There are 2 protein chains.
Amino acid sequence: MSDAVMAPTVEGVAEERLARYAELALRVGCNLQPGQQLFVSASLDHAPLVRAATVAAYRLGAEYVQVLYEDEHVKRAMIADAPDEALEFSPGFAKRFIEDATAARAAFLAIRGDAEPELFDGLDGERVGRARMIEVSEITSTTVSRRLINWCVVAYPNPGWARSVFGEPDVERLWNAVAFVNRLDEDDPVAAWEAHLGRLEERREALDERRFDAIHFRGPGTDLTVGLLPGSRWLGGATITTFGVRHVPNLPTEEVFTTPDWRRADGFARATRPLSLIGSVVRDLELRFQGGRIVDVRASSGADVVRSETALDEGACSLGEVALVDESSRVGRLDVVFNELLFDENAACHLAYGSAYANAVEGAEELENDELRERGVNASSVHTDFMVGGPEVEVDGLDARGAATPLLRDNRWQL
Amino acid sequence: MSDAVMAPTVEGVAEERLARYAELALRVGCNLQPGQQLFVSASLDHAPLVRAATVAAYRLGAEYVQVLYEDEHVKRAMIADAPDEALEFSPGFAKRFIEDATAARAAFLAIRGDAEPELFDGLDGERVGRARMIEVSEITSTTVSRRLINWCVVAYPNPGWARSVFGEPDVERLWNAVAFVNRLDEDDPVAAWEAHLGRLEERREALDERRFDAIHFRGPGTDLTVGLLPGSRWLGGATITTFGVRHVPNLPTEEVFTTPDWRRADGFARATRPLSLIGSVVRDLELRFQGGRIVDVRASSGADVVRSETALDEGACSLGEVALVDESSRVGRLDVVFNELLFDENAACHLAYGSAYANAVEGAEELENDELRERGVNASSVHTDFMVGGPEVEVDGLDARGAATPLLRDNRWQL
């Protein structure tokens with residue numbers, strides 16, 4: 001056989017890369033089991049990855065692959081012209097999709113990567129903000145909190161997303177970045193992920209051992225103490241379903257995180273990166289906290305979007321997550337703003353206002369929303385991450401008497 | 001304003017054409033009512049028409065538009081590698097989609113137009129034939145038979161379909177053909193359709209008056225008598241839901257058709273056009289009938305697909321439809337083989353094996369499948385049309401004593 005025949009084509013390389021990515025999503029991410037069903041949720045623009053994942057899934061022994069596609073243009077037409085009640089409506093088939101996944105103890109793969117970030121430009125912002133399938137969100141959030149599916153979220157590099165990152169639709173460059181942060185540049189990505197997950201597990205164990213009472217962030221424009229709950233457990237990297245399947249819910253993931261006591265946040269914080277929020281970019285965000293509530297929002301742009309979001313419901317103005325990331329993060333090392341939280345939240349330490357992860361608190365998984373709030377576990381229809389991290393931000397763990405243990409200095413892990 | 005600004009762009013013309021087609025599908029086809037929900041079922045390749053229909057639907061006052069996309073590549077991976085039981089499995093969300101449409105008395109738009117007719121080439125023909133969501137088919141067929149939704153099937157011109165028709169992806173040429181057969185070339189397509197539907201109604205009434213006992217097809221390779229039921233009623237053009245919404249289930253449509261007595265078909269028939277069937281092209285199909293059952297299947301290609309399809313269930317090997325078309329048909333006049341039954345069945349007289357339309361038999365609409373079969377109304381998860389018509393095929397209506405009334409001679413309507 002001649003070299004010419006052996007040499008891979010450009011399409012062949014792209015196809016192989018896609019197949020490797022799909023396999024990573026199923027093996028490391030979902031950890032799809034032989035005989036299990038796979039449910040895939042994606043936009044039309046993600047079809048190539050959906051198809052590669054379907055092929056991979058059946059080869060890994062999937063019993064059946066169900067795929068639910070969303071079309072952002074259909075959503076756009078709804079926001080533009082549908083009656084008001086349509087905005088928050090959850091179609092029965094979309095509910096059934098996640099209900100069936102839960103009932104079947106299935107694997108679940110969700111695909112992100114916004115192909116048309118400006119699609120909703122020019123629509124009524126209030127309607128854009130309200131357009132979400134509330135019942136579907138609630139069912140999904142309960143299923144995830146109760147660990148009833150082995151799930152993973154990945155993102156598919158596409159021209160629109162590449163343009164929003166680099167100013168031009170350079171999909172190759174985006175693929176390289178996505179491959180790097182997902183360790184697809186390694187000879188054996190699965191082994192590289194095993195090692196990485198091991199490091200995250202060590203951090204979680206070290207943090208759980210200390211049983212800190214609070215986390216303290218200190219840097220330019222930031223002096224914030226975030227109280228933890230006695231039952232706060234650190235999560236990150238892999239998690240496990242009630243039926244014993246270990247999986248990695250986000251690819252990439254670089255954080256260890258836990259659920260704070262929403263009633264105990266005091267001080268102020270300055271975001272260290274801009275954040276993309278429902279079609280707006282929020283820059284130079286500064287938040288002031290008092291008794292667990294955001295009492296002041298400032299920003300050089302997008303402050304109104306944060307103000308309206310934090311006013312959406314009772315829990316929206318309190319914290320639901322505290323996450324630690326150091327300089328070893330592949331996302332942070334790249335110095336690329338992905339305009340996609342799945343990636344960007346892994347660049348640096350971050351906080352989130354809105355809903356908390358009940359499974360990060362001992363004994364909270366089975367509680368209803370009002371019980372959660374009573375126990376200090378936040379509940380909300382919002383969950384928005386913002387970065388407070390990097391070389392200039394020092395992070396300490398505080399014990400019950402206020403004694404500090406350094407967690408991050410010069411963006412390096414200390415524990 | 002200058003002429004240059006007024007002149008429509010090529011994209012503008014294409015967009016306007018798409019909008020007109022979507023509007024025809026909703027106004028003449030579904031007859032979408034203000035306040036009604038619209039359900040749309042389509043392949044990914046049909047997204048432009050889905051989006052145009054969604055925009056049109058909200059402007060016509062739709063309450064909500066639900067869209068369910070299918071991905072033929074996902075199906076291909078299933079046929080290639082899934083366990084055997086997966087082939088006939090109906091996902092819950094796909095059942096829920098049609099169930100909700102029925103419960104909501106919704107409008108339903110299905111979009112066809114195979115973008116990759118050779119996609120299943122090389123797969124096991126037996127598995128290709130078995131790969132269908134049986135429960136979904138059954139629910140859909142009951143809903144349609146009982147006239148519980150106002151529905152319409154249209155097809156979206158795309159490069160793959162154009163290539164299968166013309167040997168090259170000449171979408172413009174296909175659009176022109178599709179526009180012609182759908183009367184979009186008329187100044188007022190809605191009025192043109194009204195006139196055409198009136199002509200079909202006259203034929204139905206003339207046939208119903210005669211109360212024929214059987215229909216006889218005679219031509220090269222064909223000598224087949226198809227028995228009718230005492231309650232067989234001729235349908236075609238517009239139909240009406242139980243809740244009073246008149247609609248046109250197929251665009252285009254040129255046929256009048258009825259439900260035969262599945263137990264009474266004897267003789268042989270040679271298909272006068274090739275038929276596209278689940279990714280295969282069946283050529284020179286010859287079927288032999290005995291006591292209402294297909295007892296022999298021959299073809300120069302694709303015979304195995306027909307054999308496995310007609311073996312799928314008890315009703316699959318018996319007739320469910322007999323349809324009459326003459327030379328006035330716009331599809332027939334074009335002399336284009338569309339490789340799409342929605343169009344091609346309108347080129348000439350045809351028969352279908354598999355499920356019958358219960359609403360074409362007096363008093364049969366509310367019956368269950370086993371009762372239908374007992375009454376001579378076929379039930380099956382299959383419904384496949386094949387053409388037995390054209391200038392060389394003579395068609396007669398027979399009365400109970402066997403006396404013949406010419407229905408078609410030289411492809412001209414005689415009644």
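User: In what order do the 8 strands of the open sheet in chain B come?

Analyst: A quick word on the ground rules. This is a predicted model, where local features need pLDDT of at least 70, side-chain atom pairs count only at pLDDT 80 or more, and totals for chains, interfaces and linings use all residues. Residues are numbered from 1 along each chain as its sequence is written, chains are lettered from A and ligands numbered from 1 in the order in which they are written, and side-chain values use heavy atoms, leaving out hydrogens and water.

Now the idea: strands are DSSP runs of E with at least two residues, helices are runs of H or I with at least four, and both are numbered from the N terminus. Two strands pair if DSSP finds at least two bridges between them. Here the order is β14-β13-β10-β6-β5-β18-β19-β20 in chain B, with antiparallel pairing. The edges are β14 (293-298) and β20 (412-413) of chain B, and each has a single partner strand, so one side of each is left without a neighbour in the sheet.

User: Which helix packs on that sheet?

Analyst: For this, contact means heavy atoms within 4.5 Å. Angles run from 0 to 180 degrees between N-to-C directions, with axes fitted to C-alpha atoms, for helices over the stretch in contact. Helix α11 (residues 303-310) of chain B touches β13 and β14 of chain B, and its direction makes about 165° with that of β14(B). One of its strands, β13 (residues 286-290), pairs with β10 (residues 260-270) of chain B in the antiparallel sense over 4 bridges.

User: What is the strand order in the open sheet of 4 strands in chain B?

Analyst: That one reads β2-β1-β3-β4 in chain B, and its pairing is parallel. The edge strands are β2 and β4 (150-155) of chain B, each pairing on one side only. From one strand to the next, the twist averages 15°. Take β3 (residues 107-112) of chain B: 6 bridges join β3 to β4(B), and B:Ala110 has B:Val153 as its bridge partner in β4(B).

User: How much area do chain B and chain A bury between them?

Analyst: The size of an interface is often given as the accessible area lost when the parts come together. Buried area is what two parts lose on being put together, using a 1.4 Å probe and summed over both. Chain B and chain A bury about 3000 Å², 65% of it on carbon and sulfur atoms. In chain B, B:Arg51, B:Tyr64 and B:Phe93 lose the most area to chain A, together 22% of what that side buries. The contact takes 34 residues from chain B and 35 residues from chain A.

User: How many salt bridges are there between chain B and chain A?

Analyst: A salt bridge is a side-chain nitrogen of Lys or Arg within 4 Å of a carboxyl oxygen of Asp or Glu. The count between the two chains is 4. Among them, B:Asp81 meets A:Arg59 at 3.3 Å, N to O. Another joins A:Arg51 to B:Asp71, with the closest N and O atoms 2.9 Å apart. That pair runs from helix α3 (residues 47-59) of chain A to the loop between β2 and α4 of chain B.

User: Which residues does a cis peptide bond join in chain A?

Analyst: Most residues other than glycine have a negative phi, and most peptide bonds are trans. In chain A, a cis bond joins A:Leu251 and A:Pro252, with omega about 0°. A:Pro252 lies in the loop between β8 (246-247) and β9 (256-258) of chain A. As for phi, A:Asp284 has a positive value, near 55°.
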